Amino acid sequence: MAKDKAKKPDDEAAPGVSVGGSVSGSNITIGNNNTTNIIQPPPAAEIHSALGAIPPARADAYVRRGNIEEDLRAALRKGGVSAIVGLHAPGGTGKTELAYRIANEAREGKLGFENALWLNVNDRSAREVAREALRICGIQLAPEATQSDELAELRHYFLHHKLLVVFDDVRSNALGELHSILPPAPCAALITSRVQQMAGVKSFALDRMEPDQARELFVNSLGEQAVGAEEEAVAKLAERCKYNPLALEIASRRILQDRGMTSPVATYLKKAEARFEALKMHGDERWNMTAVFDISYNDLAESDRKYFRALAVFAPDGFSPRAAAHLWELDEGGADDVLNRFRNLSLILSLGGRFERYRLHDLLDEYAALKLSAEEEEENASRLTGWLVALFKKHYTDDAGNAPEAALEFANLAKMAGWAERAGKGEALALLATQPHNWLYNYFRNLKEWLHWLSAALALGIADAGLKANVRKAIGDVQQFRDDRDAALVSYNEALKLFREIGAKLGEANVLQAIGDVQQFRKEVDAALVSYNEALKLFREIGAKLGEANTLAALSRMLVRTGKVEEAEKEFTKIIQMRRAIGDLYSEGADLGNFAFALLESGEKAKAGEYALKAREIFEKIKLPAIVEMMDRAIAASRE
């Protein structure tokens, strides 16, 4: 008969655990009265996906931006990575607004994607952006997860979902690791950035608005009736805003504040024309052009900030790399590096054409000027003035055919002349108005502005007697060109007196030749011959071949006007040979043209036509269309 097993006492019972409720942080007994404390993490918070949560657009209504939209959609449908980069302004061109529109279409399934994932990059690192992506996608990792774990999990998620991932406002700080968070296929990425060149990214340039798009934006905000009532002011305001969408939005909102006024658009236009700082709405930095541009400026190294500020000294028409290098006190290689950085950051743009030239993006020239201190402005303006004076000194007798770089500098010349006048620098203004004499007289032909510079320089005071004499002589040249011969003679005689006082024979000879030209025009033949012969003697004495050729050309025209055509032609052949020896193509054309006009006046039409045709060929070669037209008229007159 089997015996019952004896019961073990309670303290020998099999080990067991009795749990009532949560044991996290509780003391519990595990057999033999052994007690331990079990620590467990609290329950995980419930995570929800936020896919498709796209920030609201800032604009009142979206304005379609043209072909770039379809090009962008087509690229995204193919997969891979695409980018929008605003090339005509570093900020405010509407990159984010266009991305909003594309992202919403993706969320709605219109582009073949399941959804859209919107990520604000701004000044954050790639890891911070990756963590935000995981959170939005509803993915939670253990606290001890490494960056590699995070990236692997994110990549796994992307591989199993077809998303359009928008990386908004990618800046330089994120570029190094950007590739690590770009989604693989079947996803696609849309990147908005002020940085142009990003490895592996196909770039789309989003330009400023067109005039009709700018008008549509104003209509969306103000209404058709308000825009129609001030159509001209609206067009001028759009131009003043450089068709920058953000600037236009700011303008429209400011106008809405004054909609009770009779002419609110014109009222705001006056403010915007006077001050760049008017392009803002108070209380919100998103509606402030200065704050928007500060983002790009503050991202620069201090040395690049200084280089950027210095560019404010140039005219909006642009600058050459050599001018920038001189301003920055860098060699051409160093300046090229800076220019490439600035291009890539959408701070400057290339002007295209035959020659390498750049300018600051729309509105950034005004912004840079605000950053420039008075001391920096004077330093940079003085440096640019010196560069311009040296450039035109080097190419004093050249033309646009053999010195095209000089032909592009009138706007900078005018801006520096304005600065010198405001700063009270008479001698600097005099140099700017006299060193490019031949260019101002023969090529630029902005006589009203030139005469103002010359007169202002005299009014400010010029200590150097030779420079003062050159200014007087140049004033006479402008007056003669305007057919104000009496005033020209007064100016020439004042210049002649100064040149003789300091013994400047070249200046004296140039003035004598100019006086002879006035006398020849007045048909004062004997007086003109005296002036020309005195000038010719001085030119030959000092070996000034250019002046000698100019005087002989004037004498040859006198021979024509006195009926000695055959003798004049013989002398003229020698003059052309001198011009070619000097390499003065413009003056050769001028001599041929002036000789043709003298022949026309004398009734020698057939001969006049031959010389006018030769002159035309030269002026067409050196690209002076206004003088080409003048020669065409002379040729037509010779055939009547």
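Helix α12 (residues 289-298) packs against helix α16 (residues 364-371) in this predicted model, with the two axes 11 Å apart and an angle of about 75° between them. Because angles from 65 to 115 degrees count as roughly perpendicular, α12 and α16 are therefore roughly perpendicular to each other. The residues that meet are Thr290, Phe293, Asp294 and Tyr297 on the side of α12, and Leu364, Tyr367 and Lys371 on the side of α16. Sorted by class, this contact has four nonpolar residues, one polar residue and two charged residues.

Helix α29 (residues 585-601) and helix α31 (residues 625-638) have axes that come within 11 Å and cross at roughly 30°. Angles under 35 degrees count as roughly parallel, and α29 and α31 are therefore roughly parallel to each other. The crossing of α29 past α31 is left-handed. From α29, the contact is made by Tyr586, Gly593, Phe597 and Leu600, and from α31 by Ile627, Met630, Met631, Ala634, Ala637 and Ser638. By class, the contact of α29 with α31 has eight nonpolar and two polar residues, and no charged residues.

| Helix pair | Axis separation | Angle | Orientation |
|---|---|---|---|
| α12 and α16 | 11 Å apart | about 75° | roughly perpendicular |
| α29 and α31 | within 11 Å | roughly 30° | roughly parallel |

Helix α20 (residues 426-434) shows how a helix can be enclosed. Seven of its nine residues are buried, so α20 is largely enclosed by the rest of the structure. The buried residues of α20 are Gly426, Ala428, Leu429, Ala430, Leu432, Ala433 and Thr434. What covers these buried residues includes α17 (374-394), α19 (410-422), α21 (437-444), α22 (447-460) and α23 (465-481).

Helix α17 also holds Trp387. This tryptophan has a relative accessible area of 15%. Because buried means under 20% relative accessible area, Trp387 is buried. Beyond its neighbours within four places in sequence, Trp387 is in contact with Ser320, Arg322, Ala323, His326 and Glu409. Arg322 lies 65 residues from Trp387 along the chain, yet their C-alpha atoms are separated by 9.4 Å.

Some features concern the backbone. Ala185 and Pro186 are joined by a cis peptide bond, with omega about 15°. Pro186 belongs to the loop between α6 (178-181) and β6 (188-193). Asp169 is not a glycine, but its phi is positive, at about 60°. Asp169 is part of strand β5 (residues 163-170), and at 14% relative accessibility it counts as buried. Ser346, also a residue other than glycine, has a positive phi near 60°. Ser346 is placed in the loop between α15 (332-344) and β8 (348-350), and it is buried, with a relative accessible area of 0%.

The confidence of the prediction is the last topic. For the protein chain the mean pLDDT is 87, and 90% of the residues reach 70 or more. Among the elements of the chain, α20 has the highest mean pLDDT (98), whereas strand β1 (residues 27-29) has the lowest (50). Over residues 1-26 the pLDDT stays under 50, and the model has 19 contacts for this stretch beyond four places in sequence. The pLDDT is also below 50 over residues 85-89, a stretch with 30 contacts beyond near neighbours in sequence. Where pLDDT is low, the predicted coordinates should not be read in detail.

Methods. Residues are numbered from 1 along each chain as its sequence is written. This is a predicted model: local features need pLDDT of at least 70, side-chain atom pairs count only at pLDDT 80 or more; totals for chains, interfaces and linings use all residues. Side-chain values use heavy atoms; hydrogens and water are left out. Buried means under 20% relative accessible area, exposed over 50%, partly exposed in between (1.4 Å probe, protein chains only). Helices (H or I, at least four residues) and strands (E, at least two) are DSSP runs, numbered from the N terminus. Contact means heavy atoms within 4.5 Å. pLDDT is the predictor's confidence in each residue, from 0 to 100. Axes are lines fitted to C-alpha atoms, for helices over the stretch in contact, and angles run from 0 to 180 degrees between N-to-C directions. Angles under 35 degrees count as roughly parallel, over 145 as roughly antiparallel, 65 to 115 as roughly perpendicular and the rest as oblique. A crossing is left-handed if the near helix is turned anticlockwise from the far one by less than a right angle, and right-handed if clockwise. Ala, Val, Leu, Ile, Met, Phe, Trp, Tyr, Cys and Pro count as nonpolar, Asp, Glu, Lys and Arg as charged, and the others, Gly among them, as polar.
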